[in-house]
Amino acid sequence: MNQSLIEPAIQPVGDSGLMVRFGAAVDPDIHAQVLEADSAISAAGIEGVTELIPSFAALFVGYDPLQTDFETVSAAVRALGPMKSKERTSGQIWQVPVCYGDGLSPDLAEVAVRTGLSEEEVINAHLSGDYLLYMYGFAPGYAYLGGVPKEIQLPRKTAPVRDIPAGAVMIAGPQALVTTIKMPTGWWIIGQSPFQFLRPGEDNPFPLAVGDRVQFTRMSRDDFERAVGQGAKT
Amino acid sequence: MSAKFTVSFAGPLVSVQDYGRPGSMRFGVPRSGPMDRTSFAVLRRALEQNEGFAAIEVSIGGMVLKCTEGNVTAGFVGGNFSVSLDGQPQSPWSVFTIRAGSTLTIRPGLEGSWGYLGFCGKINSSEWLGSQATHLASGLCGHPLAAGATIEVSEAKVEAGFTCSLPIPDFARFSGNVRIVPGPQDDCFAPETLGALVSEPYEVTQDYDRMGMRLKGPSLPIAEELSMPSEALVRGAVQVPGHGDPIVLLADHQTTGGYPKISTVITADQDQLTQARARDKVRLASATPAEAVKLARAQHAKVTTYLESIAELRGSFEDRLRRSNLISGVVGDEF
């Protein structure tokens with residue numbers, strides 16, 4: 001736990017938002033401050049604030065320029081005091097099954113070559129990670145998980161690949177993600193999951209909350225086919 | 001009573017849009033909604049529709065529809081398109097009644113990239129997270145409208161009294177001048193790069209859709225590599241990827257990104273910018289957040305005044321003359 005509390009940096013974003021920055025790293029302690037600020041600002045009900053968007057190390061605070069302005073909102077945010085990196089609230093833990101290999105892992109061999117590991121070692125490293133949901137971003141339900149073990153961290157591909165289907169289990173640097181809709185991506189696809197991070201027809205289409213944890217588990221091709229056939233959400 | 005339409009032709013990116021789904025960016029969902037929210041608001045007022053109002057956003061490609069059933073009062077607002085009903089030219093911004101068998105033709109006119117076709121009634125279309133706004137990239141709430149599609153308007157009403165021709169206000173036209181608030185990552189760029197951004201004109205490229213608009217002009221090399229993890233992106237953000245061309249993010253923008261944002265287009269100029277066309281020149285100028293807030297409020301006041309004038313512009317010239325006479329009392333019964 002980080003005891004040295006640093007006043008967050010607040011920067012204007014155009015005329016209808018500001019960014020509250022707690023650092024520049026993907027780090028659980030920094031992220032805990034982001035979440036603390038997210039709930040504190042939400043609870044404070046600052047007049048004119050329209051939207052809060054947490055990310056790895058910053059919180060975006062949107063406001064309506066017809067109702068308030070940068071000076072007023074930033075003063076109200078500062079008045080809430082430094083954000084304590086309090087004891088991590090125990091987010092829910094989700095088991096996310098993954099089927100590796102068997103034609104579902106287009107980049108597994110390449111990741112093995114680039115990391116100097118066997119495919120099996122890459123899979124085991126991926127399974128051993130303790131993943132934290134840092135933020136949603138890019139596209140609906142894209143949950144950015146941090147916690148990929150060092151030995152399989154690779155920079156993203158130089159050019160994105162088009163039309164990656166939903167359910168692709170991908171890694172890039174310290175980040176992991178399971179796709180929810182067809183999108184281009186430069187990340188490495190090492191498996192496929194029937195787990196749905198986005199459930200468009202349900203009352204809560206985003207079952208996982210930022211701050212929740214994810215453990216990947218291994219599933220066989222047969223179990224994968226069965227789960228997909230049953231329209232699995234798990 | 002409902003009215004039905006068949007789409008005979010639709011340009012690319014023609015879609016149903018409403019107010020959008022604000023507040024969902026924390027789940028990776030952009031707000032979507034109209035590219036030009038000002039024109040959309042004028043149309044809603046002209047048709048006296050409530051906040052849930054949805055309309056068809058017509059791109060520069062235009063659109064042709066045939067009314068196959070029912071009668072309904074409709075309006076078109078935005079840009080400066082050429083609009084005709086059964087071959088009869090209408091004013092570019094106008095309200096008219098479409099009857100079964102009629103064909104409405106919307107063609108790109110002299111200026112503008114987006115226009116809004118709405119009805120006195122409710123367009124039946126997919127809904128997600130409380131909004132009918134089509135999110136083209138995800139396909140989670142419908143798809144672009146293409147030839148052969150049918151559009152059903154339920155609770156369709158004929159409101160002959162809403163008929164009008166509206167003047168195109170200056171605030172709804174692309175002006176060629178767009179103001180930006182520097183940052184939040186302007187410190188990733190050399191001072192001369194920041195200078196070039198506001199001193200040289202940029203050109204709007206063909207690389208322009210509902211997600212963003214790529215500009216071409218002096219290249220914006222990143223002086224200091226960014227060691228910042230991904231963070232929230234907002235509409236209007238001017239993001240600079242490795243190619244060095246600024247991209248202005250718009251209605252369907254991705255919600256987070258890791259490229260540096262050199263500046264953000266001010267709220268008051270976001271809508272008029274969307275009406276630019278490829279090869280148009282844009283001059284950027286800096287504003288402080290406080291100045292931009294003032295400009296947003298001034299713009300809002302101008303739009304409000306315009307919205308309030310719509311009622312006065314309804315009806316034929318004779319109708320308007322009669323109304324003004326009744327109010328001023330100059331012309332009495334003896335005339």
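# Close-up views of a predicted two-chain model

**Figure 1. A salt bridge joins A:Asp38 and B:Arg26 across the two chains.** In this predicted model, the side chains of A:Asp38 and B:Arg26 come together in a salt bridge, with a distance of 2.7 Å from N to O. Between chain A and chain B the count is two salt bridges, whereas the count over all chains comes to 21. The contact in which chain A and chain B meet draws 42 residues from chain A and 37 residues from chain B. Together the two chains bury about 3,100 Å², and carbon and sulfur atoms account for 64% of that area.

**Figure 2. The second largest pocket has a lining drawn from both chains.** The space in this pocket amounts to about 1,500 Å³, and 44 residues line the second largest pocket. Those that lie nearest its centre are A:Asp64 from chain A and B:Tyr19, B:Arg31, B:Arg37 and B:Thr267 from chain B. From chain A, strand 3 (49-54) and strand 4 (58-63) each supply at least two residues of the lining. From chain B, helix 1 (37-46), strand 21 (261-265), helix 3 (267-274) and helix 4 (289-309) likewise each supply at least two. When the lining of the second largest pocket is divided by residue type, 18 residues are nonpolar, 16 are polar and ten are charged.

**Figure 3. Domain 1 and domain 2 of chain A meet through eight residues on each side.** Chain A is divided into domain 1, which spans residues 9-87, and domain 2, which spans residues 91-229. The centres of these two domains of chain A, taken over C-alpha atoms, are separated by 29 Å. Between domain 1 and domain 2 of chain A about 720 Å² is buried, and 79% of this area comes from carbon and sulfur atoms. On the side of domain 1 of chain A, the residues A:Val26, A:His31 and A:Phe56 supply 60% of the area buried against domain 2 of chain A, which is more than any other three residues supply. Zero salt bridges are found across this interface of domain 1 and domain 2 of chain A.

**Figure 4. Domain 1 and domain 2 of chain B bury about 1,800 Å² between them.** In chain B, domain 1 covers residues 2-171 and domain 2 covers residues 174-287, and the C-alpha centres of these two domains of chain B lie 28 Å apart. Their contact takes 32 residues from domain 1 of chain B and 18 residues from domain 2 of chain B. Carbon and sulfur atoms give 46% of the area buried between the two domains of chain B. Within domain 1 of chain B, the residues that lose the most area to domain 2 of chain B are B:Met25, B:Met35 and B:Arg37, which together make up 33% of what that side buries. B:Arg37 is also listed among the residues nearest the centre of the second largest pocket.

**Figure 5. B:Arg210 and B:Glu57 form a salt bridge in chain B.** The closest N and O atoms of B:Arg210 and B:Glu57 are 2.8 Å apart. This pair links distant parts of the chain, the two residues being 153 residues apart. B:Arg210 sits in the loop between strand 15 (202-208) and strand 16 (212-216) of chain B, while B:Glu57 belongs to strand 3 (residues 55-58) of chain B. Across the interface of domain 1 and domain 2 of chain B, two salt bridges are found.

Methods:
Residues numbered from 1 in each chain as written. Chains lettered and ligands numbered in written order. Predicted model: local features only at pLDDT ≥ 70, side-chain atom pairs only at ≥ 80, totals over all residues. Heavy atoms only, no water. 1 Å grid on protein atoms, 1.4 Å probe; cavity = no way out; pocket = protein on both sides within 12 Å on 5 of 7 lines; lining within 4 Å. Points joined across faces, edges and corners; volume = space filled by probe spheres on them. Helix = DSSP H or I, 4+ residues; strand = E, 2+ residues; numbered from the N terminus. Nonpolar A, V, L, I, M, F, W, Y, C, P; charged D, E, K, R; others polar. Domains from an automatic or database assignment. Contact = heavy atoms within 4.5 Å. Buried area = accessible area lost by both parts, 1.4 Å probe. Salt bridge = Lys/Arg side-chain N within 4 Å of Asp/Glu carboxyl O.
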